[in-house]
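Student: I'd like to learn how to read a model like this one. Could you take me through it feature by feature?

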Amino acid sequence: MNSKRWISGVSITLLLTAVMLTGCSSQEGESGGASGKINFYSPETPDMTKQMAQAYEKANPGAKVDVQYGGTNVIVNRLIAEKDNPIGDIWYGGGGIIPFETAKEKGIITPYTPKAAENWPVDKNGIQIRDKDWNWVGAEVFVLGFIYNTEKVKKEDAPKTWDDLLDSRWKGKLQMANPAASGTATLTVMSQLMKKGEKEGWKYFDQLVKQVNAMPDSGLAPSQAVVKGEAEIGVAFDFMAYEMKAKGEKVDFIVPKETPILVNPVTLVQDGPNPAGGKAFVDFILSKKGQKLLAEWYHIPIREDVKSKTPLSLKKVMPHAQKLDLEWAVENYDRVRNEWRQKFE
C-alpha cells in the first residue's frame, strides 16, 4: 500500500516537472529564459546595446548582461586572443557579414539554429540572411552610404556615388573610419576593390585618403563628427544617420547609386562560459520584442512582421544593392586589412 502511494507520488511529481519544463521551453522561444552572467560583445551603438541588455534582464530575472564595446576588428582580435580561454558568450554586429564569415575559419564562433530562424533560407531577395551551417544569423539589414550635415550641405549637392567623394569640394570635409579597426570601413574598402579591381581600387583610396580630415577607429565616429560640424560628409550605415536625425540633429542620409546592402549578424562565441545564456540572448534579439527594440533605433529588422522607424525598407534599397563576391571577401579580408596598414598607417 505504501509502495503504491510512493509510486503514485513520484508519477505526479514527474508530471508536474514535465509541465513546468514545457512552460519554460515555451517562454524561452520568445524571450530567452537562461539566467546567469552573459558577456555580450558588440561594436554597435553603446546606448542601444545597453538597452537590449536591460530589456533581456527584465524579461529574464536572475540574468546579468555585461555589454563590452569595441570596433569590429578589435572584437575579432580579442576573440582570437581569448580562444584558449573564452570570456565572451555572444557577438552581435560588425558592419555586415564579412567579419563573421572570416571568423568561421578562425574557430571563434559556433553554430546555433534559433527557433525563430529555423525555416529561413540561406538567401532572401538576393541577400544572404544566414550562414549555410548556422554559424551566424542576420538580425537586421544595413545600407552603407553617406551621412551629411544639412546646415552645411544641400541635399542636391550631396554626393550620390562613391566616386563623388573624390570631388575637391569635399577635401578636408570628409570622414571615414579606420579599416584597420572598423568593420564598416573594411566593408567600404573591399566593396570598392571588388567593383573597380584591386589596381584601380587602391588608386581610388590613394585619392580618398587625401580627402579625409580624420579616420577614427569607430564606425560610429564619422557620424558623430558630422553632427558636431567637424566634417560635412561621413561614411556611415543608414541607421546611424536616422537615429541622430530623430534626436533633432541637422543630418540626413544618402543611399549611393550602387552600394553594399547586407545583413548584420549575431552569433555565439565558441566554447563561451554561458552557452545557454548566449542562445537565449540570440533568441531574444530575433524575437518580436527584440526586433521592435532594433526598429526603435531606426534599424531595418530582419522580421517582416516588425516595422521600423527608418524611412527605408528592403524594397526601397534593393535597386541600389552592389553585387558582392563574399567568397573573395572572406579569402582576402586579412590581406586587405594588412595592405591598408602598410599603405596608409
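Student: Let me start with a single side chain: is Gln68 buried or exposed?

Tutor: First, some ground rules: this is a predicted model, where local features need pLDDT of at least 70, side-chain atom pairs count only at pLDDT 80 or more, and totals for chains, interfaces and linings use all residues. Residues are numbered from 1 along each chain as its sequence is written, and side-chain values use heavy atoms, with hydrogens and water left out. Now, buried means under 20% relative accessible area, exposed over 50%, and partly exposed in between, with a 1.4 Å probe and protein chains only. Gln68 has a relative accessible area of 16%, so it is buried.

Student: Where is Gln68 found, and what is it in contact with?

Tutor: Gln68 is found in strand S2, residues 63-69. Helices (H or I, at least four residues) and strands (E, at least two) are DSSP runs, numbered from the N terminus. Contact means heavy atoms within 4.5 Å. Leaving aside neighbours within four places in sequence, Gln68 is in contact with Asn39, Phe40, Tyr41, Ser42 and Arg78.

Student: And what does Thr72 touch?

Tutor: Thr72 is in helix H3, residues 72-81, and is buried, with a relative accessible area of 4%. Not counting residues up to four places away in sequence, Thr72 touches Pro43, Trp91, Gly94, Gly95, Pro99, Ala181 and Gly183. Sequence distance and spatial distance are separate things here: Thr72 and Thr186 are 114 residues apart in sequence and 9.5 Å apart in space, C-alpha to C-alpha.

Student: Now helix pairs. At what angle do H2 and H9 pack?

Tutor: Axes are lines fitted to C-alpha atoms, for helices over the stretch in contact, and angles run from 0 to 180 degrees between N-to-C directions. Helix H2 (residues 46-59) and helix H9 (residues 275-286) pack at about 110 degrees, with their axes 11 Å apart. That makes H2 roughly perpendicular to H9; angles under 35 degrees count as roughly parallel, over 145 as roughly antiparallel, 65 to 115 as roughly perpendicular and the rest as oblique.

Student: How many of the residues of H8 are buried?

Tutor: Seven of the nine, so H8 is largely enclosed by the rest of the structure. Those buried are Asp238, Phe239, Met240, Ala241, Tyr242, Glu243 and Met244, and they pack against S7, H7, S10, S11 and S13. Just after H8, Gly248 takes a positive phi of about 100 degrees.

Student: Which residues other than glycine have a positive phi?

Tutor: Trp134 is one of them, at about 65 degrees; Tyr298, near 70 degrees, is one too. Trp134 lies in the loop between strand S6 (127-128) and S7, and Tyr298 in the loop between helix H10 (288-296) and strand S13 (300-301).

Student: How do I read empty space?

Tutor: Rolling a probe the size of a water molecule over the atoms shows where empty space is left. On a 1 Å grid over the protein atoms alone, a cavity is a set of points where a 1.4 Å probe fits but cannot get out, and a pocket is an open set with protein on both sides within 12 Å along at least five of seven lines; lining residues have an atom within 4 Å of a point. Grid points are joined across faces, edges and corners, and a volume is the space filled by probe spheres set on the points.

Student: What volume has the largest cavity?

Tutor: About 150 Å³. Of the 20 residues that line the largest cavity, the closest to its centre are Pro43, Thr184, Gly219, Leu220 and Met240.

Student: And the largest pocket?

Tutor: That one has a volume of about 350 Å³. Its lining has 19 residues, and Ile300, Pro301, Arg303, Glu304 and Leu314 are the closest to the centre.
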